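Here's a quick tour of one model, with the cut-offs spelled out as we go. Have a look at the structure first.

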Amino acid sequence: MPVTADPRLLRFLAAGIGNTLATIAIYQLAVGWLGPVGAYALAWAIGILLVVTLYPRLVFRREGTVRNGATMGAVYLVAFGIGLAVTALSQRAGLHPRAI
């Protein structure tokens, strides 16, 4: 019997890869002007907006609710806070901005 992947999983992976590439590009473009912390914040803000607004419709094929959007946003906000702290510590430790 052939094994087939769930289309939701494939859409989720494609959206995640696209979001990751977009936010990496935003960070790399903005780091020279905003510094590592500012560029990280900008990239994450755009990434969170993409996740909350586009994922429900494009990945899961349903309209997002305010509750689901708030839950996803909260989870990503916690991850953002941790990443922001790591970025700031990395900058203070002297890592090159493009390597952070």
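Leaving aside neighbours within four places in sequence, which residues is Phe 80 in contact with? They are Tyr 40, Ala 41, Trp 44 and Ile 48, where contact means heavy atoms within 4.5 Å.

Some ground rules before going on. This is a predicted model, so local features need pLDDT of at least 70 and side-chain atom pairs count only at pLDDT 80 or more, while totals for chains, interfaces and linings use all residues. Residues are numbered from 1 along each chain as its sequence is written, and side-chain values use heavy atoms, with hydrogens and water left out.

**The core.** Phe 80 also belongs to the largest nonpolar core, together with Ile 26, Tyr 27, Ala 30, Val 31, Ala 39, Tyr 40, Ala 43 and Ile 48. Helix α1 gives the most to this core, with eight residues. Such a core is a set of buried Ala, Val, Leu, Ile, Met, Phe, Trp, Tyr and Cys residues joined through side-chain atoms within 4.5 Å. Helices here are DSSP runs (H or I, at least four residues), numbered from the N terminus.

The largest pocket has a volume of about 350 Å³, taken as the space filled by probe spheres set on grid points joined across faces, edges and corners. A pocket is an open set of points on a 1 Å grid over the protein atoms alone where a 1.4 Å probe fits, with protein on both sides within 12 Å along at least five of seven lines; lining residues have an atom within 4 Å of a point. Of the 19 lining residues, Asn 19, Thr 20, Thr 23, Ile 24 and Trp 44 lie nearest the centre. Both α1 (7-59) and α2 (66-92) supply at least two lining residues, but α1 gives the most, with 15.

| Residue | Relative accessible area | Class |
|---|---|---|
| Asp 6 | 32% | partly exposed |
| Arg 8 | 46% | partly exposed |
| Pro 56 | 9% | buried |
| Asn 19 | 12% | buried |

Asp 6 and Arg 8 form a salt bridge, their closest N and O atoms being 2.8 Å apart; the rule asks for a side-chain nitrogen of Lys or Arg within 4 Å of a carboxyl oxygen of Asp or Glu. Asn 19 sits in helix α1 and, leaving aside neighbours within four places in sequence, is in contact with Gly 47, Leu 50, Val 51 and Tyr 55.

Technical notes: Buried means under 20% relative accessible area, exposed over 50%, partly exposed in between (1.4 Å probe, protein chains only).
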